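Student: Please take me through this model with a few questions and answers.

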Amino acid sequence: MADKDKGPRKVTSFDVARVAGVSRAAVSRAFTPDASVSPKTREKVYQAAKELGYRVNYLARSLTNKRSDLVGLVAAGLDNPFRTLQIENLARVLLARNFRPILLPTSPEADTSTVIGQLLHYAVSGVIVTSDAPPTEICEQCAAEGVPIVLINKGNDIPFVDRIISDDDMAGQLAATHLIDSGVRKPAVMAAPAISYTARRRSEAFVARCKQLSVEPEFLHIKINDYRSGYEAAAELAASGIDGLFCANDYMACGVIDRVMQGRGRDDAPPLSIIGHDDIPQASWTAYDLTTIRQPCDVQAEKTVDLLMSRMAEPELTARVEFTPVTLIRRRTA
């Protein structure tokens with residue numbers, strides 16, 4: 001009987017092994033992804049664990065193995081709905097592959113050493129760094145510890161660090177072509193290229209395509225690629241003569257639409273054609289009905305984890321870059 005002062009005794013792997021009629025090593029293999037164990041033995045272990053209420057202590061296991069089943073997700077700009085989609089898809093794929101995601105929020109102004117310390121403290125098996133998060137110092141420190149890393153939508157070319165990149169060149173070309181084919185004669189692109197690799201590439205591709213079509217576009221620089229920046233910058237659009245706008249992301253485009261639609265009816269179309277990027281859930285809302293460029297978070301997540309797992313298996317592979325496709329989604333705004 002358990003000591004009343006100490007509470008019930010914690011169930012251990014030895015208890016599971018005894019009830020299942022197997023060795024403790026078999027219990028360990030049963031809870032280790034891809035370990036060699038027969039289906040019959042695994043089922044006996046799982047059934048015994050369920051009866052006893054046993055749970056694997058992954059953090060304790062990491063102290064023994066020097067690596068946990070944790071994968072760090074380093075992300076900034078969590079106010080952007082696209083980041084929520086991205087993190088959700090990455091977490092879902094990691095869980096399906098028997099990893100456990102740990103989210104580490106950061107920002108361009110944050111102390112990167114704090115993030116690095118958390119990653120290494122938990123002995124993560126790998127790290128995924130999303131766009132807008134500062135990767136260089138993280139990559140250098142994690143590489144020194146032998147921790148595999150994959151970057152998403154980042155331009156940093158770092159040895160032994162793989163990257164997944166959305167086809168931003170195609171995105172800019174699609175936006176420019178669609179606006180000009182729709183009759184736009186004074187197009188513009190709105191972005192903060194200094195702080196975002198993706199915004200810079202999309203903007204440059206948009207400008208280049210406009211010029212190929214013999215149209216001279218304007219570049220509306222903002223400080224941050226977010227809702228507030230789009231809302232504030234939109235105040236000058238009415239007097240500019242711009243009749244078509246490509247926003248570097250949907251979050252910003254929603255801010256633009258809210259500003260230019262002030263005083264208009266809900267069913268009115270914006271006074272200029274607007275295209276966003278990402279296809280966040282809000283883009284399809286009736287209040288926005290935003291034409292946009294979709295980048296597939298599900299495809300990105302699968303490819304990212306594929307690269308991460310292959311990097312875990314072969315750390316010395318040459319750095320790889322894979323691109324994911326984009327699609328124009330037509331709605332009311334353009």
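Student: Does Cys297 count as buried or exposed?
Tutor: This is a predicted model, in which local features need pLDDT of at least 70 and side-chain atom pairs count only at pLDDT 80 or more, while totals for chains, interfaces and linings use all residues. Residues are numbered from 1 along each chain as its sequence is written, and side-chain values use heavy atoms, with hydrogens and water left out. Buried means under 20% relative accessible area, exposed over 50%, and partly exposed in between (1.4 Å probe, protein chains only). With 10% relative accessibility, Cys297 therefore counts as buried.

Student: What about Cys210, and how many disulfides are there?
Tutor: Cys210 is buried too, with a relative accessible area of 0%. A disulfide here is a pair of cysteine sulfur atoms within 2.5 Å. By this rule the number of disulfides is zero.

Student: Happy to zoom out now. What percentage of the protein chain's residues count as buried?
Tutor: The protein chain has 12 helices and 12 strands, which are DSSP runs numbered from the N terminus (H or I, at least four residues, for helices; E, at least two, for strands). Contact means heavy atoms within 4.5 Å, and among the chain's contacts with a separation of 6 or more, 69% join residues 24 or more positions apart. Of its 334 residues, the part counted as buried is 48%.

Student: At what angle do helices H8 and H9 pack?
Tutor: Axes are lines fitted to C-alpha atoms, for helices over the stretch in contact, with angles from 0 to 180 degrees between N-to-C directions. H8 (residues 168-181) and H9 (residues 197-212) have axes 7 Å apart, and the H8 residues in the contact include Ala171, Gly172, Ala175 and Ala176, while Ala205, Phe206 and Cys210 are among those of H9. Angles under 35 degrees count as roughly parallel, over 145 as roughly antiparallel, 65 to 115 as roughly perpendicular and the rest as oblique. H8 and H9 are therefore oblique to each other, packing at an angle of about 40 degrees.

Student: Is Arg202 buried or exposed?
Tutor: Arg202 lies in helix H9 and takes part in the contact with H8. Beyond its neighbours within four places in sequence, Arg202 touches Asp168, Ala171, Gly172, Phe246, Ala248, His277, Asp278 and Gln295. Its relative accessible area is 3%, so Arg202 is buried.

Student: How far apart in space are Thr32 and Asn98?
Tutor: Thr32 is in the loop between H2 and H3 and counts as partly exposed at 28% relative accessibility. Asn98 sits in the loop between H5 and strand E2 (100-105), and its phi is positive, near 70 degrees. In sequence Thr32 and Asn98 are 66 residues apart. In space, C-alpha to C-alpha, their separation is 8.8 Å.

Student: One last one: what is the phi of Ser214?
Tutor: Ser214 is in the loop between H9 and strand E7 (218-221). Its relative accessible area is 69%, so Ser214 is exposed. Most residues other than glycine have a negative phi. For Ser214, phi is positive, near 65 degrees.
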